[in-house]
Amino acid sequence: MHTCSLSLGSVAQVKLFVDAASRYPCEIDVLSGRYVVDAKSILGLLSLDLTKPVSVEFHGDGEQFAAFLADIAPFRAEA
């Protein structure tokens with residue numbers, strides 16, 4: 001499992017993120033506080049408090065994770 005942080009400030013960014021996550025066959029979870037939603041679910045993401053950065057858990061191999069990070073680079077939160 002690999003993790004990173006994201007900031008999704010608009011509905012358009014959420015849609016682009018879901019599109020990127022949907023291209024990967026593995027499970028990807030988004031965590032916000034005590035809530036965990038599927039990263040491929042736009043409704044799930046919109047139900048979270050997106051005013052703060054969220055954590056992403058990527059359940060794939062390192063090669064897929066590197067490609068995923070490149071796809072979501074505009075949304076990466078500063079750690």
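A salt bridge here is a side-chain nitrogen of Lys or Arg within 4 Å of a carboxyl oxygen of Asp or Glu. The model is a predicted one, and a search of the whole structure finds three salt bridges.

**First stop: within a helix.** Select Lys15 and Asp19. Their closest N and O atoms are 3.0 Å apart, and the two residues form a salt bridge. Both sit in helix α1, which covers residues 11-21. They are four residues apart, about one turn of the helix. Colour by accessibility next: Lys15 is partly exposed at 45% relative accessible area, and Asp19 is partly exposed as well, at 33%.

**Second stop: across the chain.** Now select Asp71 and Arg23. Their side chains meet in a salt bridge with an N to O distance of 3.5 Å. This pair links distant parts of the chain, 48 residues apart. Asp71 belongs to helix α3 (residues 62-71), while Arg23 lies in the loop between α1 and β2 (27-32). Asp71 has a relative accessible area of 30% and is partly exposed; Arg23, at 54%, counts as exposed.

Lys52 is exposed, with 54% relative accessibility, whereas Asp49 is partly exposed at 36%.

How values were computed
Residues are numbered from 1 along each chain as its sequence is written. This is a predicted model: local features need pLDDT of at least 70, side-chain atom pairs count only at pLDDT 80 or more; totals for chains, interfaces and linings use all residues. Side-chain values use heavy atoms; hydrogens and water are left out. Helices (H or I, at least four residues) and strands (E, at least two) are DSSP runs, numbered from the N terminus. Buried means under 20% relative accessible area, exposed over 50%, partly exposed in between (1.4 Å probe, protein chains only).
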